[in-house]
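Trainee: I would like to go through this model term by term. Please hold each label against its definition.

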Amino acid sequence: MMKHILLLAFVLILTGCKTTASGPLFVATPVPSDKARIYIFRPQGDVFMNSYADVRVDEQTVSYLRPEGYVQLDLPPEYYRFTMVWRDQYQSLMKSYDEIELMLDLEPGKIYYLSITSDVNATWQANVSKYTWRFDLMDAQKGALAVADTRLDKAFALNL
């Protein structure tokens with residue numbers, strides 16, 4: 001019972017002072033015919049609401065994405081490596097979690113929806129809960145619905 005109380009307290013501490021994206025709500029715009037559009041977003045319900053997701057394309061940081069935020073990238077069609085690592089006050093806690101990665105071969109005129117998704121597996125083996133993180137490449141219908149509840153977050157210029 002004490003383990004459950006400690007886990008609950010830990011989760012409440014981490015989510016109690018959340019920092020979310022504060023830009024305008026998502027608005028879809030036309031996609032340039034010679035580029036691929038990528039929406040990378042963090043939906044509501046992340047376990048570590050205070051953490052920034054350091055989102056990278058081919059090793060270049062494109063955003064320190066906050067919960068409930070999205071960034072829009074228009075990239076030339078080619079093969080890219082998308083990665084994410086954690087930043088800020090929980091970085092040392094997150095060192096036990098590997099960088100997540102997704103490789104995509106982008107096509108011109110196409111829209112891609114990448115959700116950064118977290119799960120908690122509250123198994124009590126060795127008194128540790130396991131958190132997992134991944135990129136979910138969503139289909140157009142589900143992706144458009146999911147990103148609609150997010151706000152624009154700051155993106156950095158890419159030099160690809």
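Mentor: Start with a hairpin: β2 and β3 form one, with two residues between them. In its turn, D58 has a positive phi of about 50°. Strands here are DSSP runs (E, at least two residues), and helices are runs of H or I with at least four residues, numbered from the N terminus.

Trainee: What kind of model is this, and how are residues numbered?

Mentor: It is a predicted model, numbered from 1 along each chain as its sequence is written; local features need pLDDT of at least 70, and side-chain atom pairs count only at pLDDT 80 or more, while totals for chains, interfaces and linings use all residues. Side-chain values use heavy atoms, with hydrogens and water left out.

Trainee: How do you know that β2 and β3 pair?

Mentor: Two strands pair if DSSP finds at least two bridges between them. Five bridges join β2 to β3, so they count as paired. They run antiparallel. R56 stands opposite T61 in β3.

Trainee: What joins β5 to β6?

Mentor: Six bridges, again with an antiparallel run. Y80 stands opposite L104 in β6.

Trainee: What is the strand order in the open sheet?

Mentor: Four strands, in the order β3-β2-β5-β6, with antiparallel pairing. β3 and β6 stand at the edges. Each has a single partner strand, so one side of each is left without a neighbour in the sheet. The twist averages 20° from one strand to the next. That angle is taken between N-to-C directions of axes fitted to C-alpha atoms, and runs from 0 to 180 degrees.

Trainee: What does the whole chain contain in secondary structure?

Mentor: Three helices and nine strands. Along the sequence the pattern reads α-β-β-β-β-β-α-β-β-β-α-β.

Trainee: Why is I116 called buried?

Mentor: Buried means under 20% relative accessible area (exposed is over 50%, partly exposed in between; 1.4 Å probe, protein chains only). I116 has 0% relative accessibility, so it counts as buried. I116 sits in strand β7. Across the protein chain, 37% of the 160 residues are buried.

Trainee: Which residues does I40 touch?

Mentor: Contact means heavy atoms within 4.5 Å. Leaving out residues up to four places away in sequence, the partners of I40 include V55, L65, F82, I116 and F135. I116 and I40 are 76 residues apart in sequence, yet 7.4 Å apart in space, C-alpha to C-alpha. For the chain, take contacts with a separation of 6 or more: 73% of them link residues 24 or more positions apart.

Trainee: What makes a set of residues a nonpolar core?

Mentor: The members are buried Ala, Val, Leu, Ile, Met, Phe, Trp, Tyr and Cys residues, joined through side-chain atoms within 4.5 Å. The largest one here has 24 residues; I38, I40, F82 and F135 touch the most other members. Elements giving two or more residues include β1 (36-41), β5 (79-87) and β7 (111-121). β5 gives the most, with four residues. Apart from this core lies another, of six residues, among them Y39, F41, Y113 and V147.

Trainee: Where is confidence lowest, and where is it highest?

Mentor: pLDDT is the predictor's confidence in each residue, from 0 to 100. Helix α1 (residues 2-16) is lowest, at a mean of 46, and β1 is highest, at 95. Over residues 4-17, pLDDT stays under 50. Where pLDDT is low, the predicted coordinates should not be read in detail. The chain averages 78, and 66% of the residues score at least 70.
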